[in-house]
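Student: I have a two-chain model open and want to go through it piece by piece. Can we start?

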Amino acid sequence: MLDDNQKGDDSGMNELNSFSKGIKDGLPICLGYLSVAFAFGISAVNAGLDIWQAVLISMANVTSAGQLAGVPIIVSGGTLIELAATQLIINLRYSLMSISLSQKFGKSVRFVDKLLVSFVNTDEVFAVSSSNKTDVGRKYMYGITLTPFIGWSLGTLLGAMAGNILPEIVISALGIAIYAMFVAIVVPCAKKERPVLFCSLFAIVLSCIFNYVPVLKEHISNGFIIIICTVIAGAVFALVAPIPNEEAKEDIQNG
Amino acid sequence: MVDAITFFKYLLVMAGVTYLVRMVPMVLVRGKIKNNFVRSFLYYVPYAVLSVMTIPAIFYSTSYIISAIIGLAVALVLSYFNRGLLTVAVFASATVLIVELILKYI
């Protein structure tokens, strides 16, 4: 494994494995989730679910888009097949993220850790943990999944209980929270790295085409639009702007 | 209301599919991927997916498109100056609230 000789730095070798750092990195996600899950709790109870049902859905799924799409199917008595297919399509992006995140795992991450951590591999947990310069370890991953999980569950409970008390205008304002969080993840990296900026813009153009060209929008579901646009944008930029090969550095140090 | 037995069937299917989609690929992929195309692809995926999920959905996340546009502008500016996730989310929400109050009462 020493054939690709490169000088390189230590980045591939060090492993970030602090539980408290994980908790800390998860905190902004946790607080963001409080408001987003709050909105979910409100809508789930309004749709006809009990409070405990809304909370269990959040604790068992930990995914915003999938839950939002799942509740109407449940309350309208849709088939289990329909529910399964919808979740599969909307959440398929997580399989890409899981593969991607597995590449950031250091040596400390065991099989059983993957079984637990993957349960809370959300968009934000994935984006923040993989934005670390070094590999991440099991303790760090437990920290960064714990706080968002608490925020997501607690937010749903509060929203489900407070549902009808809040004025509509507040609920509307909370609706933008999760998207603002996405912006806050992408922009700092797009600022630093040109290819990321162009990849993001390219993905947005694709997304708009699929959402606004009538024929496409009518025939392709939302979940599929996300997958198609992501795969095209990722593949195009992997071809035009491949990342430098860091693997070689790590091999040298570990070998 | 959805009765408890029916609900648990739905919950099991929903959570089961969601978990498998996340867990299976993470467990199956062992060790580091060497192929540079695949590594580059996976590097771009998070940014691509978040961009696609945000636009155009963000424009329909509030009661008015105009409040969402102004909220997005605030989020872009704050993120550009490296404000944290929470700060950006709170200020974007506050902006939407203010804009919609103005639209409603003025």
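Student: What kind of model is it, and what scores does the complex get?

Tutor: It is a predicted model. The predictor assigns the complex an ipTM of 0.86 and a pTM of 0.74.

Student: What is the mean pLDDT of chain A?

Tutor: The average for chain A is 85, and 90% of the residues score at least 70.

Student: OK, fold of chain A. How many helices and strands?

Tutor: Chain A has 14 helices and two strands. Of its 255 residues, 50% are buried. Counting contacts in chain A with a separation of 6 or more, 82% are between residues 24 or more positions apart.

Student: Which residues of H5(A) are buried?

Tutor: Helix H5 of chain A runs over residues 93-102, and nine of its 10 residues are buried. They are A:Arg93, A:Tyr94, A:Ser95, A:Leu96, A:Met97, A:Ser98, A:Ser100, A:Leu101 and A:Ser102.

Student: Now packing. At what angle do H1(A) and H8(A) pack?

Tutor: The angle between helix H1 (residues 19-47) and helix H8 (residues 138-162) of chain A is about 25 degrees, and their axes are 6 Å apart. That angle makes H1(A) roughly parallel to H8(A), because angles under 35 degrees count as roughly parallel. The crossing of H1(A) past H8(A) is right-handed.

Student: What classes of residue are in that contact?

Tutor: The contact of H1(A) with H8(A) contains 28 nonpolar, 12 polar and three charged residues.

Student: How do H1(A) and H3(A) cross?

Tutor: Helix H3 of chain A covers residues 64-75, and its axis comes within 10 Å of that of H1(A), crossing at roughly 5 degrees. H1(A) and H3(A) are therefore roughly parallel to each other as well.

Student: Which residues meet there?

Tutor: From H1(A) there are A:Val36, A:Phe40, A:Ala44 and A:Ala47; from H3(A) there are A:Ser64, A:Gln67, A:Leu68, A:Val71, A:Pro72 and A:Val75. By class, the contact of H1(A) with H3(A) has eight nonpolar residues, two polar and no charged ones.

Student: Switching topic: how many residues does each chain put into the contact between them?

Tutor: Chain A puts in 86 residues and chain B 67. On the side of chain B that touches chain A, helices H1 (4-28), H2 (36-54), H3 (65-80) and H4 (85-105) each supply at least two residues.

Student: Which helix gives the largest share of that side of chain B?

Tutor: H2(B) does, with 18 residues. Overall, the side of chain B that touches chain A has 47 nonpolar, 13 polar and seven charged residues.

Student: Which residues have a positive phi here?

Tutor: One of them is A:Val62, with a phi of about 50 degrees although it is not a glycine. A:Val62 sits in the loop between H2 and H3 of chain A. Another is B:Asn82, with phi near 60 degrees, in the loop between H3 and H4 of chain B.

Student: Are those two buried or exposed?

Tutor: A:Val62 counts as buried because it has 25 C-beta neighbours inside 10 Å. B:Asn82 has 13 other C-beta atoms within 10 Å, so it is partly exposed.

Student: Which peptide bond is cis?

Tutor: The bond from B:Ile55 to B:Pro56 is cis, with omega near 10 degrees. B:Pro56 is in the loop between H2 and H3 of chain B.

How values were computed:
Residues numbered from 1 in each chain as written. Chains lettered and ligands numbered in written order. Predicted model: local features only at pLDDT ≥ 70, side-chain atom pairs only at ≥ 80, totals over all residues. Helix = DSSP H or I, 4+ residues; strand = E, 2+ residues; numbered from the N terminus. Buried ≥ 20, exposed ≤ 12 C-beta atoms within 10 Å, placed from the backbone. Contact = placed C-beta atoms within 7 Å. Axes fitted to C-alpha atoms, helices over the stretch in contact; angles between N-to-C directions. Parallel < 35°, antiparallel > 145°, perpendicular 65-115°, else oblique. Left-handed = near helix turned anticlockwise from the far one by under 90°. Nonpolar A, V, L, I, M, F, W, Y, C, P; charged D, E, K, R; others polar. pLDDT = per-residue confidence, 0-100.
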